[in-house]
Amino acid sequence: MKAKVHITLKRGVLDVQGKAIGGALASLGFGGVADVRQGKYIELDIAETDPAIAKSRVEEMCRKLLANTVIENYAVEISR
Amino acid sequence: MKAAVVLFPGSNRERDMAVALERATGEPPAIVWHGDTTLPKVDLIVLPGGFSYGDYLRSGAIAARAPIMRSVVEAAERGVAVLGVCNGFQILTEAGLLPGVLLPNAHGKFACKNVALRVETSQTVFTGGYEAGQTISVPIAHHDGNYFADDETLARLEGEGRVAFRYVGGNPNGSIRDIAGIYNETKTVLGLMPHPEDATDPSQGGTDGLGLFTGLANALS
């Protein structure tokens, strides 16, 4: 199965990279971008065939390594 | 005092740390590889600065899950003193030995300069060489030194006297409440962004950092 993991900064956590990207967009003439938040996208190929078990395993991976839950949220999507 | 310095792939301040420890104790520390699973019997474990694993995923994130870290956590729980400097501080937060997280500097730039720090308390194994309220000058060299924790954690840190050092005369990275270093509950684990090991000899431009190492040597010998 494939797992797609999106990791995003929690609301209120300063995103320095997002701000730099916003600044670069403005310098290219892209107006009207109020805010930019940068996250991470991680794809996993996993042997588990039961979607529910796969999801809970990947969520455990998020809690233990992939995300720092002090500052980040994670969302897991499982597909074949 | 016997000390061990843990070496991760990408550590780069382990030698500075070893030299500073030897200056204070007369004895070089053991250097322990991150892939080892056991530590020698020591009074102090140091996680040095650098860019372990190239800061992949998050600063300190991969190093915090290295095999040796299980032994470091166990030793810390037994009360063995643990010092994490710069990347070592980041690793301690990622390993759950210290609360909060080190975000990228608020101004988005690498910060490399001397800063003034206030020593908040002298009543720990780390700070017996200083007076409470004393200001010392030590260098910083980091990109991710912007300490952040939620309000509840900050209230607990302040209430329990667990802020070890604060930046004074200017905050170099946006760190919340000017925090430069914090302790765990028992004040036997210290993480700080500045590099006291790089202010232990006049040739480094100052010796204000030496007190941390002589204080440790006095407390732990």
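Predicted model: local features only at pLDDT ≥ 70, side-chain atom pairs only at ≥ 80, totals over all residues.
**Figure 1. Overall build of chain A.** Chain A contains two helices and three strands, and these follow one another along the sequence in the pattern β-α-β-α-β. Its C-alpha atoms fill a box of roughly 45 × 25 × 15 Å along the principal axes. The radius of gyration of chain A is 16 Å, whereas a compact globule of 80 residues would have one near 12 Å. Of the 80 residues of chain A, 12% count as buried. Among contacts in chain A between residues at least 6 apart in sequence, 65% join residues at least 24 apart.

**Figure 2. Overall build of chain B.** Chain B has five helices and 11 strands. With a radius of gyration of 15 Å, close to the 17 Å that the globule rule gives for 221 residues, chain B is as compact as a globular protein of that length. The box filled by its C-alpha atoms, taken along the principal axes, is roughly 40 × 35 × 35 Å. Buried residues make up 56% of the 221 residues of chain B. Of the contacts in chain B with a separation of 6 or more, 74% are between residues 24 or more positions apart.

**Figure 3. The contact between chain A and chain B.** Nine residues from chain A and 11 residues from chain B take part in the contact. The side of chain B that touches chain A comprises six nonpolar, two polar and three charged residues.

**Figure 4. Helix α2 of chain A and its two sides.** Buried in α2(A) are A:Ala54, A:Val58, A:Cys62 and A:Leu66. An α-helix has 3.6 residues a turn, so residues three or four places apart point the same way. Elements that cover the buried residues of α2(A) include β1 (2–9), β2 (40–45) and β3 (72–79) of chain A. On the other side of the helix, A:Ala52, A:Glu60, A:Arg63 and A:Lys64 are exposed.

**Figure 5. Helix α2 of chain B and the strands around it.** Helix α2 of chain B, residues 67–78, has B:Ile68, B:Met69, B:Val72, B:Ala75 and B:Ala76 as its buried residues. Viewed down the axis of α2(B), they fall within an arc of 120 degrees, so they line one face of the helix. These buried residues pack against β1 (3–7), β2 (30–33), β3 (44–47), β4 (81–85) and β11 (189–192) of chain B. Exposed residues B:Pro67, B:Glu74 and B:Arg78 lie on the face of α2(B) turned away from the buried side. Just after this helix, B:Gly79 takes a positive phi of about 105 degrees.

**Figure 6. The nonpolar cores.** The largest nonpolar core has 75 residues, of which B:Val6, B:Ile45, B:Val82 and B:Leu216 touch the most other members. Not counting residues up to four places away in sequence, B:Leu216 touches B:Met1, B:Ala24, B:Leu44, B:Ala81, B:Val125 and B:Phe126. Another core, of eight residues, lies apart from the largest one and has among its members A:Ala54, A:Leu66, A:Tyr74 and A:Ile78. In soluble globular proteins, nonpolar side chains tend to be buried together.

**Figure 7. The surroundings of B:Thr214.** B:Thr214 is placed in helix α5 (residues 210–220) of chain B. This residue counts as partly exposed because it has 16 C-beta neighbours inside 10 Å, and a residue is buried only with 20 or more and exposed with 12 or fewer. Apart from neighbours within four places in sequence, B:Thr214 is in contact with B:Ala24 and B:Gly129. From B:Thr214 to B:Asp55 the separation is 159 residues in sequence and 31 Å in space, C-alpha to C-alpha.

**Figure 8. Two loop residues with positive phi.** Most residues other than glycine have a negative phi. B:Tyr53, which is not a glycine, has a positive phi of about 50 degrees, and B:Tyr53 is in the loop between β3 and α2 of chain B. With 20 other C-beta atoms within 10 Å, B:Tyr53 is buried. B:Cys86 likewise has a positive phi, near 60 degrees, and is found in the loop between β4 and α3 (87–94) of chain B. B:Cys86 is also buried, having 30 other C-beta atoms within 10 Å.

Key. Residues numbered from 1 in each chain as written. Chains lettered and ligands numbered in written order. Contact = placed C-beta atoms within 7 Å. Nonpolar A, V, L, I, M, F, W, Y, C, P; charged D, E, K, R; others polar. Helix = DSSP H or I, 4+ residues; strand = E, 2+ residues; numbered from the N terminus. Arc of directions from axis to C-beta. Core = buried A, V, L, I, M, F, W, Y, C linked by C-beta atoms within 7 Å. Rg over C-alpha atoms; globule rule 2.2 N^0.38 Å.
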